[in-house]
Amino acid sequence: MKRTYFLLLMVFLLSCADKQEGASSAANFDYRLVTTNSIYKADDLITLKFEGKGGADLKLMLTNAFGSSVIFSTGSEEELQFTIPKNFSRKAGPCHWVLLANGYEVTQGSFEIAPKTNLKPSVETYFGPRSITAGDRDYSMLVHITTDPFDNVYPEGTVVQFKSQFLNSINEYMIPSKDLISWKNINATRKSGRILVNTTYQGIDSKELTTIVFPTLAETFGIEADRNHNFADGNQIMKLRSTIIRDVYNNIVSDGTMVNYIIKNSKGAILKTMAPTINGMSTANILHPSEKEDWRIKAYVTGAAESNELSIGFETAIEDYEVNFSADNRRITVGPLRSFMKQLVPDGILVQLEIYDQSGQYLETVKVSSIKGFGIIDLPKEYYPDKGYHLVCKAVGITKEFDLVFDEK
Amino acid sequence: MRNKLNKNIYRTLLIASFLAINALIIAGIGAVLSYLNTGADKASILHLEVPTEKIYAPKISWGSLDNPGRPMEDQTLKEIERDYLKAWHVRNIAYLKNDYYGLADFYTDSARIKLYEHIDLNSEKNVRFKGTTLEHYPELDFYNEDGTLVVFTDKHVERYQETYEGDSLLFQQKDTTSYQIMMLLEDGFWRIRHLQEIEVEEADQDVAVRAIDSIIEKVNSIKGINYYPQASPWDTFGSTFDAEQIGHDFDIIQEMGLNTLRIFIQYEDFGKAEVAAEKLDRLNRLMDMAGQREFSVLITLFDFYGDYDVSNWTLTQRHAETIVNAFKDHPALLGWDIKNEPDLDFESRGRQRVLSWLKEMTSRIKQWDTDHPVTIGWSSPESAVNLADEVDFVSYHYYRAPESFLEAHEALRTLVTDKPLVLQEYGYSSYDGFWNMYLGSEADQVAYYQQMQGHLTKAEVPFMFWTLYDFEEVPKAVAGSLPWRTRKQHHFGCIDLDGNKKKVFAVLNQKN
């Protein structure tokens with residue numbers, strides 16, 4: 001047996017004199033082990049017998065992987081007898097002993113305990129990761145440990161049956177143990193779904209364990225737009241829909257995959273709306289513009305896939321509008337704003353007035369929303385003292401300019 | 001008249017009771033306020049991490065991390081290492097106290113049962129184990145894909161264990177065992193699930209070849225001094241470290257024709273297991289200055305350390321390892337003096353405990369530094385026989401009458417025949433004051449050294465005297481606080497408090 005185990009008994013002759021007065025040295029004790037068996041099974045009754053002479057007051061120190069203890073002889077002086085306690089006799093592996101007399105080592109040795117493999121074993125399984133992605137690269141790992149009733153690991157080379165199920169196929173593998181465990185990589189399938197696994201050793205079955213195969217990354221998909229009319233009325237909502245988004249193995253992508261719809265308008269500005277998928281489809285909403293536009297729309301699953309590009313045009317809904325001034329010029333009424341059927345536009349069309357002084361110096365922009373077809377802007381005296389102003393009115397993409405003078409003398 | 005007296009008495013009583021009541025009320029309010037102010041520090045609501053001191057530091061070095069499972073991450077490896085060592089640490093404590101405390105954090109349910117059974121049996125038999133592991137060489141066998149299970153083999157774990165029956169030491173044992181371990185990650189802790197002793201082929205241990213002959217030659221010609229700066233005795237590397245002054249002192253030592261210095265490293269001052277870089281830097285500067293003057297330096301480790309307990313063996317070993325590795329290639333290094341006068345701790349700490357610690361430390365330092373000798377500075381020639389087989393040269397101190405020096409030296413020589421004997425400390429205080437009835441004098445000091453130097457030359461004993469300076473302050477830890485003991489300590493130098501050379505300077509000057 002090749003193992004390293006050396007004991008160093010540190011005896012400092014004089015030093016012990018005051019502590020262990022009258023101690024006789026180990027030389028007066030002469031014992032040898034008569035028990036011949038040195039290989040046991042866990043939970044065997046193990047008794048070590050020594051024959052010799054010297055005294056009955058000898059102790060046996062035991063050491064296994066989990067710790068040490070000291071036990072006393074139950075035999076006579078000529079025949080010492082030590083019964084190994086259960087916490088040592090049940091633990092598989094080497095168990096070392098040292099026969100001690102008055103603190104000196106008389107003799108030492110060890111015996112080997114094997115796991116109790118003829119009783120019903122227990123199995124432990126560890127499975128993970130519990131979610132993987134479809135395809136040929138990802139996998140979960142199933143680890144199995146067989147132990148005897150005293151929690152000793154079965155010897156290396158114990159062959160365990162691993163089973164995995166996916167849809168109609170059930171696979172079985174026989175895996176020998178090494179480094180305490182048996183283990184197997186359970187590869188992801190190309191189709192999304194659940195893989196169930198378990199292990200069996202000598203009729204003892206583990207519980208069922210599951211890993212979920214999620215679809216992998218989305219592939220290129222299509223989008224379409226759906227709207228009531230093509231007028232830029234700033235009021236209707238356009239729906240943007242994706243086709244069913246799938247991964248490379250034709251699995252519908254997981255619910256909640258976020259689709260970003262990026263819209264580039266004719267001025268080069270970017271608008272954005274987004275929606276998660278349900279059953280592979282996503283539906284996002286966006287308000288019609290309030291002036292003539294040409295939109296180019298493309299959708300993305302960030303980092304994974306993109307759609308075709310849609311081109312959507314919007315016609316002008318409001319051809320023109322009037323601008324009226326009150327008697328003192330301080331109330332400016334824009335409208336009525338009439339839409340494509342001459343109906344008054346719904347509330348909320350943006351009307352904005354840029355105000356410059358006579359020299360063309362920019363002062364302020366006033367923004368209001370239309371109410372009942374009219375946008376009304378007041379220019380109070382406190383802010384705009386009497387003098388000349390240049391006004392630029394912008395609404396629904398139509399710009400009108402005026403010069404006026406406040407003069408209330 | 002009587003009435004008036006009575007009236008005054010009443011008046012006095014009234015005023016006194018008024019004052020007393022006021023004092024009581026104020027004291028009461030004060031007590032209430034101070035009670036309300038006690039409790040947790042407000043900063044504690046931030047749950048800041050409490051800095052912890054290293055408590056268990058055996059040498060651990062990971063071998064191969066190749067495994068058929070998942071590649072090991074550095075961070076996880078550190079966490080596994082931390083929890084694995086803690087598992088050993090709590091187990092050591094549990095077996096020392098026969099108490100379950102802490103085991104649940106580092107052993108899984110089924111594993112801790114086995115420890116509990118051992119503890120129950122041991123407390124029934126009234127045996128305790130004081131143990132520590134010293135070296136671990138783990139190699140990774142398996143790490144699972146989701147990072148929650150790991151199997152590794154810890155090869156050649158060097159363990160030291162003392163067995164106690166009641167309070168008396170029954171047995172000491174050192175062994176080397178290999179284990180295969182499975183740990184599981186459970187609620188943030190890596191816990192031991194299986195721990196199995198296994199057979200591992202013995203490693204080809206490179207038996208380090210020691211090359212100390214040339215230095216041993218040097219030891220035979222030591223003419224040296226124990227050195228502390230005058231301004232900061234017993235604290236050479238503290239905040240008052242003054243390289244310029246040390247350089248100046250070294251010039252004086254050189255002028256005296258000496259070739260060796262003995263300096264002291266305080267264990268706590270240098271940061272225990274985690275040695276402060278700043279201290280190493282100061283030590284390095286001192287060594288460089290010594291090297292420039294072609295001095296050899298004997299470094300005395302573990303000054304003011306006095307525990308020797310198995311529970312901090314690993315810490316002291318890391319301390320020594322850091323310092324030894326930092327200076328083993330320094331040209332000015334003469335060797336390692338493990339401990340100053342450890343025999344003085346025999347009584348308070350137990351002889352066995354001190355010797356076990358010294359022996360272990362000696363063998364470690366010999367491993368780390370194969371090119372420098374190791375010694376121990378025993379307080380008397382008689383105690384210098386201890387561990388004489390372990391050290392490379394024997395050092396002892398002698399503060400007794402010079403007349404009997406040669407006798408004591410020869411007695412030691414008959415016991416230690418094959419190794420140099422160094423008189424590592426000796427000296428005489430010129431203290432002349434109340435506490436020695438004004439009986440000392442510089443003349444006595446001169447007479448002492450004349451006699452001693454005569455003996456030393458005659459018997460060819462390498463020597464290092466105590467010391468260069470008289471000291472203004474001597475820490476309590478050195479000689480206690482009793483003035484008749486400590487006063488003497490102030491006047492062992494050959495340069496007095498004002499920086500003047502004392503008469504003895506000429507006697508000790510080797511160039512004369």
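Predicted model: local features only at pLDDT ≥ 70, side-chain atom pairs only at ≥ 80, totals over all residues.
Colleague: Which domains does chain B have?
Modeller: For chain B the assignment gives domain 1 (59-198) and domain 2 (213-508). Their C-alpha centres are 40 Å apart. Where the two touch, domain 1 of chain B contributes eight residues and domain 2 of chain B contributes eight residues. On the domain 1 side, the elements that give two or more residues are β2 (127-143), β3 (149-165) and β4 (168-186) of chain B. Of these, β2(B) supplies the largest share, four residues.

Colleague: Let's turn to sheets. What order do the strands β1, β3 and β6 of chain A have in their sheet?
Modeller: They form an open sheet of three strands in the order β1-β3-β6, and the pairing is antiparallel. The edges are β1 (30-33) and β6 (79-83) of chain A; each has a single partner strand, so one side of each has no neighbour in the sheet. From one strand to the next, the twist averages 25°.

Colleague: How many bridges join β1(A) to β3 of chain A?
Modeller: Four bridges link β1(A) to strand β3 (residues 47-53) of chain A, in the antiparallel sense. To find the pairing in the structure, look for A:Tyr31, which stands opposite A:Gly52 in β3(A).

Colleague: What about the side chains along a strand?
Modeller: Here is the general idea: in a regular strand, side chains alternate between the two faces of the sheet. Strand β28 (residues 350-357) of chain A pairs with β29(A) over seven bridges in the antiparallel sense, and A:Val351 stands opposite A:Val368 in β29(A).

Colleague: Which strands of chain A form a hairpin with three residues between them?
Modeller: That hairpin is made by β24(A) and β25(A), and A:Gly303 in its turn has a positive phi of about 80°. Strand β24 (residues 293-301) and strand β25 of chain A pair in the antiparallel sense over eight bridges; the bridge partner of A:Asp294 in β25(A) is A:Gly313.

Colleague: In which sense does β19 of chain A pair with β25 of chain A, parallel or antiparallel?
Modeller: Parallel: strand β19 (residues 231-232) and strand β25 (residues 305-316) of chain A share two bridges. A:Phe231 stands opposite A:Glu315 in β25(A).

Colleague: Now chain B. Is strand β9 (residues 333-340) mostly covered or mostly exposed?
Modeller: Mostly covered: eight of the eight residues of β9(B) are buried. Strand β8 (residues 296-303) of chain B runs parallel to β9(B), joined by four bridges, with B:Thr300 opposite B:Asp337. Together, β8(B), helix α8 (residues 313-327) of chain B and β9(B) make a right-handed β-α-β unit. β9(B) also pairs in the parallel sense with strand β10 (residues 374-378) of chain B, over three bridges, and B:Asn340 stands opposite B:Gly377 there.

Colleague: How should I think about a core?
Modeller: In general, nonpolar side chains tend to be buried together in soluble globular proteins. In this model the largest nonpolar core has 81 residues, among which B:Val297 and B:Ile338 touch the most other members. Helix α10 (residues 351-368) of chain B gives the largest share, six residues. A second, separate core of 52 residues includes A:Leu142, A:Ile145, B:Leu149 and B:Phe152.

Colleague: What does B:Ile338 contact, leaving aside its neighbours within four places in sequence?
Modeller: Its contacts include B:Leu301, B:Phe302, B:Leu358, B:Met361 and B:Ile376.

Colleague: Finally, how many residues of chain A are in contact with chain B?
Modeller: On chain A there are 37, in contact with 46 residues of chain B. Elements giving two or more residues to the chain A side include β4 (58-64), β5 (67-72) and β7 (93-101) of chain A. β5(A) gives the most, with five residues.

Note on methods. Residues numbered from 1 in each chain as written. Chains lettered and ligands numbered in written order. Pairing = 2+ DSSP bridges. Axes fitted to C-alpha atoms, helices over the stretch in contact; angles between N-to-C directions. Buried ≥ 20, exposed ≤ 12 C-beta atoms within 10 Å, placed from the backbone. Right-handed = clockwise from strand over helix to strand, strands pointing away. Core = buried A, V, L, I, M, F, W, Y, C linked by C-beta atoms within 7 Å. Contact = placed C-beta atoms within 7 Å. Domains from an automatic or database assignment.
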